[in-house]
Amino acid sequence: NFTHKQVINIANMKCVVVILVAVLSILKVTAQTCPNYTSSDGTYTYDLSNLTLPANAYYSGQESGTSNLFFFNLCAAVFPPSHSKICPMLPPGNFSVFQYSYQYFCIPVGEVNQQVFSDGPAGTDSGVTITYTNTMQKYKCKDSNGQNTIPRVTNIGITCDPSQTEPLIVSITEAPAPAKCVYNIVMMAAEACPINSSTVDATNKIN
């Protein structure tokens with residue numbers, strides 16, 4: 001049998017373990033960064049690691065023509081401002097992109113473990129595109145039968161611009177019909193310039 005003091009000590013030890021697990025989980029998330037990407041033709045290499053934001057930081061922008069807001073990170077989970085009225089209840093999961101609307105609050109539109117890299121919007125030497133997909137049934141878009149079967153997809157196209165001292169969000173749009181729930185985010189960043197090129201001219205072409 002345990003004394004009252006021993007029971008309290010055991011409870012305190014359990015609390016310490018829980019806190020350590022939580023801290024390690026946060027460190028694991030913040031330590032995650034974008035890997036190097038090599039263009040599809042094998043010519044250019046990109047280092048996007050500096051574009052990954054630490055925990056509790058995020059990129060944000062408004063979708064064109066709507067009141068919808070997007071909160072996202074690159075190659076790591078994003079934590080929207082849950083302490084405010086923007087995202088009062090966050091769904092569980094490891095998501096890189098959230099869409100906020102006044103009707104549905106925060107909807108995950110991209111999972112970290114579903115990210116896919118491809119060439120930039122203007123070719124192999126122009127930057128990198130990262131595509132995120134949401135596969136959770138609950139958050140899929142409805143098909144013509146009213147069933148949640150259409151995955152939400154977010155394409156983040158990051159274009160090389162050596163003059164950018166900070167990443168710039170140019171636009172956030174939803175793809176027109178017949179596409180459904182496909183979102184396109186366009187960014188410009190110096191980090192999206194190839195690391196194996198010596199110079200980049202004003203048109204972002206390799207010299």
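Analyst: Contact means heavy atoms within 4.5 Å. Among contacts in the chain between residues at least 6 apart in sequence, 51% join residues at least 24 apart. The model is predicted: local features need pLDDT of at least 70, side-chain atom pairs count only at pLDDT 80 or more, and totals for chains, interfaces and linings use all residues. Residues are numbered from 1 along each chain as its sequence is written, and side-chain values use heavy atoms, with hydrogens and water left out.

User: How many helices and strands are there in the chain?

Analyst: The chain has one helix and 13 strands. These are DSSP runs numbered from the N terminus, helices being H or I of at least four residues and strands E of at least two. In sequence order, the pattern is α-β-β-β-β-β-β-β-β-β-β-β-β-β.

User: Why does Thr129 count as buried?

Analyst: Buried means under 20% relative accessible area, exposed over 50%, and partly exposed in between (1.4 Å probe, protein chains only). Thr129 has 10% relative accessibility and therefore counts as buried. Thr129 belongs to strand 8 (residues 123-134). Leaving aside neighbours within four places in sequence, the contacts of Thr129 include Phe117, Asp119, Pro121 and Ile156. Across the whole chain of 207 residues, 39% are buried.

User: What makes the approach of Thr129 to the backbone oxygen of Asp119 a polar contact?

Analyst: A polar contact is a pair of N or O atoms within 3.5 Å; within protein, one must be able to donate a hydrogen and the other to accept it, and residues adjacent in sequence count only if both atoms are side-chain atoms. The Thr129 side chain reaches the backbone oxygen of Asp119 at 3.0 Å.

User: Why is Val186 called partly exposed?

Analyst: Val186 has a relative accessible area of 31%, so the residue is partly exposed. Val186 lies in strand 13 (residues 182-189).

User: How do you know that strand 3 and strand 4 pair?

Analyst: Two strands pair if DSSP finds at least two bridges between them. Four bridges join strand 3 to strand 4 (residues 69-72), and the two run antiparallel.
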